[in-house]
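Here are my notes on this model, as numbered points. Please read them with the coordinates open.

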Amino acid sequence: MPVDEEIHWFDEAAGPLVRPYAMTRGRTRPGNTELDLATQIVSVLTDNDLQTLTPEQFSIIDLCRHPLSVAEVAAYIDVPLIVVKVLVSDLIERGDVVTRYAGAVERPSRNLLEAVLDGVRRI
């Protein structure tokens, strides 16, 4: 068969050539189990050797120069959420990223809501 008639067995619709769990070496659970969709990730300047990172981990560090949530990172690098959690967990252990947990929003008390309602009624 001539080279120019070579048949390609994959295309863009076939998806990525690397299976998602190959990126995590088969791991399906992150070491840091406190990562959720809203956890903010920020990269940190370190002396760690970036050559040892996977391309996806390098992308995470590059994207997170500004705080991004785990969900946003997954969307930007087009990788399943659980895979991103495993990769981010590895980066946390290396010290390449830090997290900021979105704290629970404290609900206002009933007394405060009634005071606001009374104030609005007086207007």
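Which residue follows helix 2, and what is its phi? D78 follows helix 2, and its phi is positive, near 55 degrees.

1. Basis. This is a predicted model, where local features need pLDDT of at least 70 and side-chain atom pairs count only at pLDDT 80 or more, while totals for chains, interfaces and linings use all residues. Residues are numbered from 1 along each chain as its sequence is written, and side-chain values use heavy atoms, with hydrogens and water left out.

2. Layout. The chain has 4 helices and 3 strands. Along the sequence they run β-α-β-α-α-β-α. Helices (H or I, at least four residues) and strands (E, at least two) are DSSP runs, numbered from the N terminus.

3. Whole-chain numbers. The chain has 123 residues, and 26% of them count as buried. Buried means under 20% relative accessible area, exposed over 50%, and partly exposed in between (1.4 Å probe, protein chains only). The accessible surface of the chain is about 9300 Å², with 55% belonging to carbon and sulfur atoms. That area comes from the Shrake-Rupley method with a 1.4 Å probe; for residues, only the protein chains shown count as cover. Take contacts in the chain between residues at least 6 apart in sequence: 75% join residues at least 24 apart. Contact means heavy atoms within 4.5 Å.

4. Helix 2, buried side. Helix 2 spans residues 70-77, and V70, V73, A74 and I77 are buried in it. They sit on the same side of helix 2, because they cover an arc of only 100 degrees around the axis. The arc is that of the directions from the helix axis to the C-beta atoms. The cover over these buried residues includes strand 1 (40-43), helix 1 (55-63), strand 2 (68-69) and helix 3. On the face turned away from the buried side, A75 and Y76 are exposed.

5. Helix 2 against helix 3. The two axes come within 9 Å and cross at roughly 110 degrees. So helix 2 is roughly perpendicular to helix 3. Helix 2 brings V70, A71, V73, A74 and I77 to the contact; helix 3 brings L81, V84 and K85. By class, the contact residues are 7 nonpolar, no polar and 1 charged. Axes are lines fitted to C-alpha atoms, for helices over the stretch in contact, and angles run from 0 to 180 degrees between N-to-C directions. Angles under 35 degrees count as roughly parallel, over 145 as roughly antiparallel, 65 to 115 as roughly perpendicular and the rest as oblique.

6. Helix 1 against helix 3. Here the packing angle is about 70 degrees, with the axes 10 Å apart. Helix 1 is therefore roughly perpendicular to helix 3. E56, Q57, I60 and I61 of helix 1 meet L87, V88, D90 and L91 of helix 3. This contact has 5 nonpolar, 1 polar and 2 charged residues.

7. D90. D90 lies in helix 3 (residues 81-94). D90 is buried, at a relative accessible area of 14%. Leaving out residues up to four places away in sequence, D90 touches R25, R27 and Q57.

8. Positive phi. Most residues other than glycine have a negative phi. R25 is not a glycine, yet its phi is positive, about 55 degrees. R25 lies in the segment before strand 1 and counts as exposed, at 65% relative accessibility. D78 is not a glycine either, and has a positive phi of about 55 degrees. D78 lies in the loop between helix 2 and helix 3 and is exposed at 69% relative accessibility.

Conventions: Nonpolar A, V, L, I, M, F, W, Y, C, P; charged D, E, K, R; others polar.
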